[in-house]
Amino acid sequence: MKDNQALNYALNNSDHILFIHIDDTLNNEDSSWGFKRRGKHRSIFMLQGLEELQKDLNAYGHKLNRFVGGAKNIFEGLIKQYKINSVFCEAIFAHEEQEKEKSIMELGVTIHAHFQSSLYMPEDLPFKVNDLPDTFTQFRNKIEAEGIVPEDPVVLSERIKEILPIFIVKENLSLPTFTEDYVNSSFPISDKKFKGGERNANLYIHHYFKSKYPETYKLTRNNLMGIECSTKFSPWLSLGFISPNQIYKALKEYERKNTANESTYWIFFELLWRDYFRFLFMKYGGEKFYKKGLGLSNDNFQHDEKKFIAWKDSRTPSSFINAGMNELNQTGFLSNRMRQIVASYLVNELGCDWRAGAAWFESQLIDYDVYSNYGNWSYISGFGTDPRGGRHFNTEKQKSIYDQSGAYESKWGKP
Ligand SMILES: Cc1cc2nc3c(=O)[nH]c(=O)nc-3n(C[C@H](O)[C@H](O)[C@H](O)COP(=O)(O)OP(=O)(O)OC[C@H]3O[C@@H](n4cnc5c(N)ncnc54)[C@H](O)[C@@H]3O)c2cc1C
């Protein structure tokens, strides 16, 4: 609820408000790749967060009305019944999300969609989004040359205490209980510190910036295992439980009170990568999802379904890759380095369609985010905008650098 411009705009421009969350049936159905779009790991994390949101809204006399079904049908019913004229939400510049927005607009309501998930807002950039450079380095250099400072997070509007709620008289959906044990995970969602929700996100960030880990982040961020080697902010960021501006503020405070070094700078650097993929989507829109990515590569493209299934089910000829896929499938989390290694293997060694790999990550990752996932996949496979082509990782070399002792492989070697 904090640093949420769309929410504040809704509160400041309405007499009554109805809070809804629709779990679109699409998420629980098989995609064209033959598996669920959202697997159990992210479902658990999301439901934990919704439970907390429900309590937070209750504290202000509101209720989160939850639905499962086709979004358009549900909206149609609600708009008629409650004479709704405006819908407020986050704007997401990806093909499906844009189509959904259009389909709801066709129901005769005004949509107020706010783009708000990046650190820098498009209007802060020293160029128009359509002139976004095609490489990250050029983007970063331009931002840094201008010394642009990101906005401070916004506080929740006081109107939340006054605005009249619309209640739907209907039993709310109950939350399923989960028994899975994520104890071995680098993001163990069964541990209360790692649960979904705004409160945990804030507590965790506070805890991280109270520690000395930011000072050594750049030296440890490529480790394959462990909780403290990287920030672990991504799952909360991806579901909107925390904003990059809240993180940036905490990072700057840390630098003022403790140390500002290359490692602390690198946390900002990675948040810039996150922004870069967002602006790429804004510039190129749905083209990202075409088989040839942005169309800048002329490679002959192929897909081998059998090899893809072996990859996703951890049955490739490489025991190192299989360990990575086991970790992903069992926990919903994978270090950035391991994500790069298994992605490169699928595309370069197995000759598969990058979108199949991206779809599997979408299904499994707790921190799935349309921009970062499809952005990184197209970057690695050479179907993004970078004129240097893709990234080809030598699996054995990567293993010898990052898993010299074999500890990673022995931890995740078994399905
Ligand atoms: C093939 C592939 C798919 C990916 N899919 C996703 C995804 O669906 N969702 C997602 O959030 N990240 C994705 N990433 C990016 C990155 O792997 C994760 O953000 C990171 O591993 C999360 O761990 P962390 O929070 O500890 O990251 P840290 O290393 O601590 O980085 C701090 C923050 O910077 C951002 N960040 C770091 N690296 C990247 C990057 N390469 N691209 C974009 N943002 C970055 C994240 O928000 C992260 O929380 C993907 C990377 C690859 C190679």
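**Exercise 1.** Decide whether R339 is buried or exposed, and find which residues R339 is in contact with, leaving aside its neighbours within four places in sequence.

*Solution.* Begin with accessibility: R339 has a relative accessibility of 16% and therefore counts as buried, where buried means under 20% relative accessible area, exposed over 50%, and partly exposed in between, with a 1.4 Å probe and protein chains only. Finally, list the partners: beyond the neighbours within four places in sequence, R339 is in contact (heavy atoms within 4.5 Å) with F333, L334, F361, L365 and D367.

The model is predicted, so local features need pLDDT of at least 70 and side-chain atom pairs count only at pLDDT 80 or more, while totals for chains, interfaces and linings use all residues. Residues are numbered from 1 along each chain as its sequence is written, and side-chain values use heavy atoms, with hydrogens and water left out.

**Exercise 2.** Describe how helix 12 and helix 15 pack, giving the angle and the distance between their axes.

*Solution.* Start with the geometry: helix 12 (residues 305-312) and helix 15 (residues 354-364) pack at an angle of about 30° with their axes 11 Å apart, the axes being lines fitted to C-alpha atoms over the stretch in contact, and angles running from 0 to 180 degrees between N-to-C directions. Helix 12 is therefore roughly parallel to helix 15, since angles under 35 degrees count as roughly parallel, over 145 as roughly antiparallel, 65 to 115 as roughly perpendicular and the rest as oblique. Then name the residues: F308, W311 and K312 of helix 12 meet A356, G357, W360 and F361 of helix 15 in this contact.

**Exercise 3.** Locate K83 and S314, and state for each whether the residue is buried or exposed.

*Solution.* Take K83 first: this residue is not a glycine, yet has a positive phi of about 50°, and K83 sits in the loop between helix 4 (71-82) and strand 4 (86-90). With a relative accessible area of 71%, K83 is exposed. Turn now to S314, which is likewise a residue other than glycine with a positive phi, here near 60°, and which lies in the loop between helix 12 and helix 13 (319-331). The relative accessible area of S314 is 12%, so S314 is buried.

How values were computed: Helix = DSSP H or I, 4+ residues; strand = E, 2+ residues; numbered from the N terminus.
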